[in-house]
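Morning, everyone. Please look at the model first.

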Amino acid sequence: MRISIVSVALGIFLAGSCAQAAEVTYANVRPILEKRCVGCHARGEIGPMPLGAYAEVRPWAKAIRAAVISKAMPPWHAAPGSAHAFLNDRSMTRGEIDTLVKWVDAGSPDGPAVQARSHAIREPGGWRLGDPDLVLRVPGVQIPKSGILQYSFVIFPLHFDHDVWVRAAEWHIDQRGQVHHMNAFVREPGSSYLADFPKNEIFTPTVAERGKKRSDEAVFARRQLLQGYEPGYAPMPWLPDGAKLIKAGSDVIFEMHFNTNGKEAVDHTELGLYLSPAAPLNRVVAVDTLRDLDLAIPPASANYMSNASMKLGSPARLLSIQPHMHVRGKSMEVRAIYPDGRKEVLLSVPKYDFNWQTTYAIKNPPLMPTGTVLESVAGYDNSPNNKFNPDPAATVGWGDQTTSEMHIAFLELVVDAKADVEKLLTVQPKMIGTPAGR
Ligand code: HEC
């Protein structure tokens, strides 16, 4: 075993394994890597090594074989069988896996040159979605060598004199190794969200200051998520005929959470915005209210379950779902119960992985009439068997840091561009039933 690893590292072919090389060559493998891997495995992307040219792929052949058989790569954690197919489904077909495996087993032979599609690959420092219309740049966050960091913020006073529609947004993350997450919010004029803080500079409010709000404040009037970034993020336009709204006079606020990793750094992350030339037919809104704030995971509990639900107060189409938990998160299922009683499993992530906070984009966003209930069920492992568990002796509740937990299914909903979005959530989110396992 050791010998074969060394020979892979040196790129040496084992004698004899070239014998069956004729059928599957790099020419067969290249389009699969293009389609399934190169989006991340290119210079400047999140994959640790580029998988473009033969010479780049060859030394990784055995590792690629293992990764596709175990389904560790490409990262995709949705179980098959959801009611609606996903636009960004990264899972490979049986045939694709077989081709890769056969190629490696045949000694990973080169083959006739194949034309690489270039559209998935961007220049280092370039934008995947093309040149943005507007770039918001973090003025520089000092990240210390060590310690636990609170969320920091910066307010960009855009203050457009008219409503602006954003059809896509792309993050350029600067200190990839230290960015835990980023959220860009739109704050409409009159919002109480972080109202007492200065503009254009970094600040670190307390949790109470972040939460301070007027008692009568409507959900979307306070803040709206424009775009989030978590590990595994890939930029995607929302819809051909839909966009997010930045109302005249609004600010954009970045919420930034950094991890420390022994190195000091200064972060200058950027968010590129792509604007719609005209008002679109549909408005896309992000919702974070499908969540359970009452988590109380007992010490050593291996299978704690938490439920959350919300009811739509007006019709919407469901564009995407992003399960969010921390390191004790084990599974999440999101379902719809339609007013006629029909039930659908929208997303099932049986083996949740904190390192892959994937947004699952639905290919043909289903229409959910008024009264549709959305529910999510999250499972947690607070036992010592969970190798990521920082403290199995703790009772774990809701909190920002990864030592605490969260249960949110972030949703993106599509509504008529002229609809009153506050009506979407007129039926306040509440728990339905009693969570199992308490
Ligand atoms: C969504 C982005 C993404 C896609 C798509 C993706 N990878 Fe990866 N890959 C990563 C990242 C990030 C890592 C490093 C972290 C890890 O190992 O989980 C990685 C690690 C790997 C490794 C392990 C490298 C090592 O250091 O041992 C292999 C092998 C690999 N990928 C192969 C593939 C193959 C083959 C495909 C396509 C079939 C693919 N990946 C698709 C992001 C991706």
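Start with helix H2, residues 26–36, where Tyr-26, Val-29, Arg-30, Glu-34 and Arg-36 are buried. Buried means that 20 or more other C-beta atoms, placed from the backbone, lie within 10 Å of the residue's own. Helices here are DSSP runs of H or I, at least four residues long, numbered from the N terminus. Helix H3 (54–57) and helix H5 (94–105) are included in what covers those buried residues of H2.

Two housekeeping points. This is a predicted model: local features need pLDDT of at least 70, side-chain atom pairs count only at pLDDT 80 or more, and totals for chains, interfaces and linings use all residues. Residues are numbered from 1 along each chain as its sequence is written.

Next, H4 and H5. Their axes, lines fitted to C-alpha atoms over the stretch in contact, come within 9 Å. They cross at roughly 150 degrees, on a scale from 0 to 180 degrees between N-to-C directions. That makes H4 roughly antiparallel to H5, the term for angles over 145 degrees. The contact (C-beta atoms, placed from the backbone, within 7 Å) involves Ala-61, Lys-62, Ile-64, Arg-65, Val-68 and Ile-69 of H4, and Ile-97, Leu-100, Val-101 and Val-104 of H5.

Conventions: A residue is buried if 20 or more other C-beta atoms lie within 10 Å of its own, exposed if 12 or fewer, and partly exposed in between; C-beta atoms are placed from the backbone. Helices (H or I, at least four residues) and strands (E, at least two) are DSSP runs, numbered from the N terminus. Two residues are in contact if their C-beta atoms, placed from the backbone, lie within 7 Å. Angles under 35 degrees count as roughly parallel, over 145 as roughly antiparallel, 65 to 115 as roughly perpendicular and the rest as oblique.
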